[in-house]
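The sequence and structure come first.

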Amino acid sequence: MALATAQVINFSKVKRQDVGLVGGKNASLGEMIQTLQPKGILVPPGFATTSDAFRAYLDQNDLNTTIAVELDALATGKTTLQKAGKRIRKLILKGEWPDDTAEAILTHYRALGETDMPVAVRSSATAEDLPDASFAGQQETFLNVIGEDALLDACKRCYASLFTDRAISYRQIQGFAHDQVALSVGVQQMVRADIGGSGVMFSIDTESGFPDAVLINAAWGLGENVVQGAVDPDEYQVFKPFLDNESLTPILEKRLGAKSIKMIHDRDGTPRNVPTSKAEQQSFVLSDDEILTLARQAKIIEDHYGLPMDMEWARDGVTKTLYIVQARPETVQSRADMGTLKSYAVKDPGEVLLTGLSVGSAAVAGRVSIIESAGDIDRFIDGSVLVTGTTDPDWVPIMKRAAAIVTDHGGRTSHAAIVSRELGLPAIVGCGDATHVLHDEQDVTVSCAGGEDGVVTAGISEIKITEETLEALPETKTDVMLNLANPSAALRWWRLPVEGVGLARMEFVVNGAVRIHPMALAHLDRVTNPDARAEIEALTAGYDTKPEYFVDRLARGLSRIAAFCYPKPVIVRMSDFKTNEYADLLGGRDFEPHEENPMLGFRGASRYYSEQYRDGFALECQAIARLRTEMGFDNVIVMIPFCRTPDEADKVLGVMAEHGLKRGENGLEVYVMCEIPANVLRAEEFAERFDGFSIGSNDLTQLTLGIDRDSDALASLFREDDPAVLSMIETVITMAHAAGSKVGFCGQAPSNDPAYANHLVSYGIDSISVTPDSFVQVLRNVAKAEKG
């Protein structure tokens, strides 16, 4: 029987061009079974009813005219959406199967193998999952359906779900004629994820659109909780370009989710949620090998389809096999305007009320409206900040009327996150207790502008919006690079035409991602504060050793900064905390001396070879070594701050070599900060030991003019354009170039003052590194300076 007249077709005979016959979801499953299984993509077997079967069912029960009448009444305002949808669904559920259709369904069901095989029954609209629209979640899915009668009933319920309120509304908005959309039902052998795990993954970063990352969410049990946002899942991020090299482990991020519930099969086979154990909550669902396996599968699927993909996966708890159970085009970032970059900044934010996972990069101020259930939608005030526990497709009408969305539960692949992206709304998901902490009519500011951690603050804050057209940016001979410190925000800058990262501040990553003093991890027995010890134990739970926690967290944090512009250079400055700042880290007070002037004290290079910090520096070196070798980011350059003498440089380089960071080995370059007059006056000697210089204008100005840069009384005298400072800069550039070394500048002066860019360009600076918000202005200033 030809596909065009078949009522039921095995997945193995369906291909991607059969969307009109079996819908996007089922066409994709067939495509993968036929073409990608030889490449290692495992898809559970199954079959699909066709659009012909759907229309035969409507004809058998004389439903076409009734449906048309109801929808015409809706279009002309003679009935409500709720009444029309309810009547249509009721009629479909009361219908009888045509004998040939029912027999075809049951014949294919029996062919799957064992009697009463448990199956997943999923709806697949025949206009579904096209690149310009996503029907995800609009129709029903039924899991662990067992037996022939139950299967036929589930297929009927899928048909009826084509006319849920949300599905009718969505088709109206998207411009799909109701009589042009049919429904196919996919019947697929169940994966025993109820005793395993499951989740969702994207072959693109969902927030920034960064094309070289795979995002994976994972939870215990069946995957509906992840899709619906009922659980806070684990989150993993993987760098795609390195996946072909099996010797590398390019996992950029591993975030442990709460995973407080899991969906399993009840005694009668129906799915139900149960609490997870403490062991499950404290453990990652996926091993590193499984994370990389799924990421490779995502890349294979994306390469085959030629566009970013949204996939669902499941791990069988018996066989431990990983399966792909759905794949469809990603429909938000793939359609985003790549030629424009919009950034948001909140000025003078109020008290932090809540944090969660950010969706998007926007910020909004507004008034809270707490809605506990879809039944209370009528209470919602248009333009408010919608606050709720979680959302499902029934919430879409109200979400469209919101200024922002905040939920208690869910991850970045939950329903609330997906719909927020499609609507272009900022959302913060997985806050935990938003419905408890916030109250109706409360003024708040919702900000996703700071990276992956979204923040809700008290009050209505001013929000600055900057929009840049990237096509109009000039090209320059001088490399214009970025200064970065926040790994969670790094990927959002991938579209800027930067030449790399001129300064990645390690201490910021330690403060945000590690939080513990490295010496406290190397020598926990020397931490005297019992509260600090307890917190250290809690943070490092799950790691084999305390030092491994530091190395792992630091390497992963830096990896996202190294990834966004790979293979362009990323200069990582080793930690440059002052002693008072180190002391503020967990356990730090037992290892740091009190100093009257930490700015000029025990900081930078002098710490690295000192017995007081040598073991801590060893962990920093191990993290960089892992970043470059095990993870693959060989674009990372190491930079040493506040190095006072060439002899000190020799000592530091020696300690680095002991821990796998030998200058020149495996392409490793080592730079030095030029921030002390001695770095300028002895530039030839420093150039013999380092591959490049990076001018730190704040410290160089401070030490050249003898001014405490933090002094309010002397602020008017602190000028980076003082002739003495400019002379220092010109001198070191000239001497370094004569020795064959590169020189960069990291500071804000070129963005604030076009004349400063003129000075640097005229001196022959090789690169200028600035914060992302000033990159465009500096690029233009440099281009203008180069033209003279």
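How many disulfides does the structure hold? It holds zero disulfides, a disulfide being a pair of cysteine sulfur atoms within 2.5 Å. This is a predicted model, in which local features need pLDDT of at least 70 and side-chain atom pairs count only at pLDDT 80 or more, while totals for chains, interfaces and linings use all residues. Residues are numbered from 1 along each chain as its sequence is written, and side-chain values use heavy atoms, leaving out hydrogens and water.

- Cys-431 is in no disulfide, and the nearest cysteine sulfur, that of Cys-448, lies 9.3 Å away.
- With 12% relative accessibility, Cys-431 counts as buried (under 20% relative accessible area; exposed is over 50%, partly exposed in between; 1.4 Å probe, protein chains only).
- Cys-746 is also in no disulfide; the nearest cysteine sulfur belongs to Cys-674, 10 Å away.

**Nonpolar cores**
- A nonpolar core is a set of buried Ala, Val, Leu, Ile, Met, Phe, Trp, Tyr and Cys residues joined through side-chain atoms within 4.5 Å.
- The largest has 109 residues, and among those touching the most other members are Phe-693, Ile-695 and Ile-729.
- Ile-729 touches Ile-695, Leu-700, Phe-745, Tyr-756, Leu-760 and Tyr-763, not counting residues up to four places away in sequence (contact: heavy atoms within 4.5 Å).

**Helix H28**
- Tyr-756, Ala-757, Leu-760, Val-761 and Tyr-763 are buried in H28, residues 754-763 (helices are DSSP runs of H or I, at least four residues, and strands of E, at least two, numbered from the N terminus).
- These residues cover an arc of only 165° around the axis, which puts them on the same side of H28; the arc is that of the directions from the helix axis to the C-beta atoms.
- Their cover includes helix H26 (723-738) and strand S29 (742-746).
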